[in-house]
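Keep the viewer open as you read.

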Amino acid sequence: MRSYAKLGRGLSNFSVYAILAVLGVAWVLPIGYLIYTAFRVTPSTGIINQLFPKGLRLGFDNFTRLFQETMFTRWLLNTLIVATCSCALTTVFILMVSYALSRLRFRLRKPIMNVLLVLGMFPGFMSMIAVYFILKAMGLTNSLVALVMVYSGGAALSYYVCKGFFDTVPKAMEEAAILDGASQPMIFMKIILPLAKPMIVYTVLTSFISPWCDFIFVNTIISDREKYTVSLGLYKMINAEKNSFNDNFTVFCAGAFVVGGIIVTLFMSMQRYYVEGITSGAVKG
């Protein structure tokens, strides 16, 4: 009986590992193909009929075309400006709202939390048309300021993870500070924020990646080529003309490699704090 049980567990583990291996290959394959295409240099850049073309060689020609034949540097700078400003505002908003909902007690606290939680369940693109007409009435369309306003305007809807972390901070620390004459803002700045370093890093990373990779709102608001972000710029480049897809696909992959490489480097350098932030905010609701 033990041998049969052991055999059953072995088959079960083998099945699980086999499924995970297949899923892992399916997940890594597109990334590997993108990297391979970014460095691929061929006489003909046809993609559909030449997945592995003859005379294949690797090099940096696609990156040279990316920076010399397009406005990629400008698009990358626009994206960095928008992502950095949105990240800073979003982080401040989330930390302040989360701390207020965690520590302060006021009459409409529960209804506000419920409303914010429900609104956060709706996809942001559902408000795209309304946001566009509001920005148009304010004369802010086709500007990077409008993108920063859009990305940071709904920051309070993501309060719940940070609030979960602040709920775990002992209130005795704040009570001791109050007895020493500290005000609520001073407690927040001098006591809570130093303890919330993992949560701050988590908030910074999550609020940076959204504007960095967004396409829908940029495509709706921005029409000036010099104000494109990388996502919109690469899309317009590959769809500029009828044959642009085959002619520029390798250049598109080179741009995607640069954009993805920046995000991967950022996450890898702050991975420890990111994981700590997730686990800390998930302890208590």
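## Ground rules

This is a predicted model, so local features need pLDDT of at least 70, side-chain atom pairs count only at pLDDT 80 or more, and totals for chains, interfaces and linings use all residues. Residues are numbered from 1 along each chain as its sequence is written, and side-chain values use heavy atoms, with hydrogens and water left out.

## Salt bridges

Side chains of opposite charge can pair when their charged atoms come close. The structure holds 3 salt bridges (a side-chain nitrogen of Lys or Arg within 4 Å of a carboxyl oxygen of Asp or Glu). One of them pairs Arg103 with Glu174, with the closest N and O atoms 2.2 Å apart. This pair ties together distant parts of the chain: Arg103 sits in helix α3 and Glu174 in helix α8 (residues 171–179), 71 residues apart. Helices here are DSSP runs (H or I, at least four residues), numbered from the N terminus. Arg103 is buried at 11% relative accessible area, and Glu174 is buried at 6%. For these labels, buried means under 20% relative accessible area, exposed over 50%, and partly exposed in between (1.4 Å probe, protein chains only).

Arg65 and Glu69 also meet in a salt bridge, at 3.3 Å from N to O. They are 4 residues apart in helix α2 (residues 61–69), so about one helical turn separates them. Arg65 is partly exposed at 23%, while Glu69 is exposed at 53%. Asp167 and Lys163 pair up at 2.8 Å, N to O. These two are also 4 residues apart, this time in helix α7, which puts about one helical turn between them. Both Asp167 and Lys163 are buried.

## An enclosed helix

How many of the 10 residues of α6 are buried? The count is 7, so α6 is largely enclosed by the rest of the structure. The buried residues are Leu144, Ala146, Leu147, Val148, Val150, Tyr151 and Ser152. They pack against α3 (72–103), α5, α10 (197–213) and α11 (216–221), where contact means heavy atoms within 4.5 Å.

In the loop between α5 (128–137) and α6 (144–153) you'll find Asn142. Asn142 has a positive phi of about 60° although it is not a glycine. Most residues other than glycine have a negative phi. Asn142 is partly exposed, at 22% relative accessible area.

## A nonpolar patch

A nonpolar surface patch includes Val115, Phe122, Met126, Tyr160 and Ile216 among its members, and the whole patch has about 1,000 Å² of accessible area. Patch residues have over 30% relative accessible area and no salt bridge, with nonpolar side chains (Val, Leu, Ile, Met, Phe, Trp, Tyr) joined within 5 Å. Areas come from the Shrake-Rupley method with a 1.4 Å probe. Helix α4 (residues 109–120) gives the most to the patch, with 4 residues. Tyr160 belongs to helix α7 (residues 160–168) and is partly exposed at 45%.

## Cysteines and a buried threonine

A search of the whole structure finds 0 disulfides (pairs of cysteine sulfur atoms within 2.5 Å). The sulfur of Cys85 has its closest cysteine sulfur in Cys87, 9.8 Å away, which is too far for a bond. Cys85 is partly exposed at 35%.

Thr250, in helix α13 (residues 244–269), is buried at 1% relative accessibility. Its side chain makes a 3.1 Å polar contact with the side chain of Asn62. A polar contact is a pair of N or O atoms within 3.5 Å; within protein, one must be able to donate a hydrogen and the other to accept it, and residues adjacent in sequence count only if both atoms are side-chain atoms.

How values were computed: Patches are made of residues with over 30% relative accessible area and no salt bridge: like charges are joined within 9 Å, nonpolar side chains (Val, Leu, Ile, Met, Phe, Trp, Tyr) within 5 Å.
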